[in-house]
Amino acid sequence: MEDEKKRKLTMFREMISCCSDIGFWIYDEQMQLVETTCEDASAANVHATYEQEQRLLKMMEEGNLDYKKYAGSIANVGMYAQNASVRQLKNLAIIHVALCTRAAIKGGLEPEIAYTLSDNYINSIEASSRVEDVAGLNSTMQDDFVRRVHRCRRGNGLSPQIQKCCGYIEMNLNRKLSVEELAGQVGYSGSHLSTRFKAETGMTIKEYTLHCRIERAKVLLRSGSEPVQEIGDSLGFGSQSYFAEKFRKLTGMTPLEYRNRRTE
């Protein structure tokens, strides 16, 4: 534990020393981005920063929805150099994705789901070109993992088979899944899976899949600059018009309108 702590402290100091004479963005106690200076960051209590990071990860492991209130300022989570290279910002965010992924798995999230989410967020980070987009993805990723762990720990009233089915759908939003393929994952017949899925979730498999795709599209639209057409294609919508039609049906606005709003 001490070796890991020393490694983290060393990494933090190196980040500070290699980023002299530039401004930084950090999260304040309300997890809002505020500007500070390199001198301020250098003077920060590194020990406290490490403890805050560990507290955040522990709350993520617990699925604690109050994490934003208590996490405080976390420099190596929310540090974004105003004039640094986008590559540096991406590296910091990717490190944090890895830490959050492991915390979520410890909290009970299925590893396969956690690592798929991790890949999705890392791909989105890599596709980002602005400081604001990287910061937005970082915040969205944290909230996504915390809420998923919260659902796992409190129990969502779903049988293990239907939970596994939902997880498989969420991991394969980019392709069309047949009922037979899903049924094979949980050992049910197609007809029995369809009946149980509707009874437990209140939605058909098709409705649930669409809901998951739209929720994922909202994350990508809110947090990045990837073209709307590419987002629709990556989620298996087939055409931009079909994507826009389904998105409007569930949200009341087009994907572009949602992106421009940049808010829920």
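**Labels and their cut-offs**

Modeller: Helix 7 and helix 8 are roughly antiparallel to each other. This is a predicted model, where local features need pLDDT of at least 70 and side-chain atom pairs count only at pLDDT 80 or more, while totals for chains, interfaces and linings use all residues. Residues are numbered from 1 along each chain as its sequence is written, and side-chain values use heavy atoms, with hydrogens and water left out.

Biologist: Why are helix 7 and helix 8 called roughly antiparallel?

Modeller: Angles over 145 degrees count as roughly antiparallel, under 35 as roughly parallel, 65 to 115 as roughly perpendicular and the rest as oblique. The axes of helix 7 (residues 111-127) and helix 8 (residues 131-154) cross at roughly 170°. Helix 7 and helix 8 are therefore roughly antiparallel.

Biologist: Which residues of helix 7 and helix 8 make the contact?

Modeller: Contact means heavy atoms within 4.5 Å. Among them are Leu117 and Tyr121 of helix 7, and Met141 and Phe145 of helix 8.

Biologist: What makes Leu182 count as buried?

Modeller: Buried means under 20% relative accessible area, exposed over 50%, partly exposed in between (1.4 Å probe, protein chains only). Leu182 has 1% relative accessibility, so Leu182 counts as buried. Leu182 lies in helix 10 (residues 179-186). Leu182 touches Cys165, Tyr168 and Ile205, among others.

Biologist: How confident is the predictor in the protein chain?

Modeller: pLDDT is the predictor's confidence in each residue, from 0 to 100. The chain's mean pLDDT is 77, and 72% of its residues reach 70 or more. Over residues 8-47 the pLDDT is below 50. Where pLDDT is low, the predicted coordinates should not be read in detail.

Notes:
Axes are lines fitted to C-alpha atoms, for helices over the stretch in contact, and angles run from 0 to 180 degrees between N-to-C directions. Helices (H or I, at least four residues) and strands (E, at least two) are DSSP runs, numbered from the N terminus. Lists of a residue's contacts leave out its neighbours within four places in sequence.
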